[in-house]
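The entries below are in the order in which I looked things up.

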Amino acid sequence: MQSADVEQDQPVVSNRVQALENEGEIAADYLEELLDIADLDGDLDMDVEGDRAAVSIVGADLSQLVGRDGEVLEALQELTRLAVYRETGERSRLMLDISGFRAERRAELEKVAADAVAQVRERGERVSLEPMSPFERKVVHDAVAQAGLVSESEGVEPRRFVVILPE
């Protein structure tokens, strides 16, 4: 009986992956048009990471698409999600990265989280971090959970921040 359940789950997983791949393709088409309009060179890479589509743009100098502290990147991600929604009618959780900005930022944030976790364990007191974007908070929450502690977000956008709690 268990093997029948597994077989029934396969099409659901396969359909979800196909839907995410479709999101990535729609996003890549949208971003390719945007790059053409802006006369920028960039190569697009699509992937499925966990439960979301991921699109990366790499190229010569795309810093203007990242902006200060990733602000332009965040805006482009939202526009791309809207383009996917327009085509599919489904809300997208697509993740966009440009020139490895998010990958580098993720590594920095994991270090910040590890340092804060060590501080919480050493002092036994909660630690509040600087305000962060939703992407940044998610990275920190994941790192804190992996370290075995609990974190929560406090405040109101755009000043929302992570608080790491002692055990």
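Predicted model: local features only at pLDDT ≥ 70, side-chain atom pairs only at ≥ 80, totals over all residues.

Residues are numbered from 1 along each chain as its sequence is written, and side-chain values use heavy atoms, with hydrogens and water left out.

**Salt bridges**

I took a salt bridge to be a side-chain nitrogen of Lys or Arg within 4 Å of a carboxyl oxygen of Asp or Glu, and the structure holds 13 of them. I looked up Arg-68 and found it bridged to Asp-69, with the closest N and O atoms 4.0 Å apart; both Arg-68 and Asp-69 are exposed.

Next I turned to Glu-78 and Arg-81, whose side chains meet in a salt bridge at 3.1 Å, N to O. Both residues lie in helix H3, three residues apart, about one turn of the helix; helices (H or I, at least four residues) and strands (E, at least two) are DSSP runs, numbered from the N terminus. Glu-78 counts as partly exposed because its relative accessible area is 40%, whereas Arg-81, at 17%, counts as buried.

I then noted the salt bridge between Arg-121 and Glu-167, with 3.9 Å between the closest N and O atoms. This pair links distant parts of the chain, 46 residues apart, with Arg-121 in helix H4 (residues 101-123) and Glu-167 in the segment after strand E6 (161-165). Arg-121 is partly exposed at 44% relative accessible area, and Glu-167 is exposed at 79%.

I traced an open sheet of three strands in the order E1-E2-E3, with mixed pairing, where two strands pair if DSSP finds at least two bridges between them. Strand E2 (residues 52-58) and E3 pair in the parallel sense over four bridges, and Ser-56 has Asp-97 in E3 as its bridge partner.

Which residues does Leu-76 touch, not counting those up to four places away in sequence? Leu-76, found in helix H3, touches Leu-34, Leu-65, Leu-96 and Ile-98, contact meaning heavy atoms within 4.5 Å. I recorded Leu-76 as buried because its relative accessible area is 9%.

Conventions. Buried < 20%, exposed > 50% of the residue type's maximum accessible area, 1.4 Å probe, protein only.
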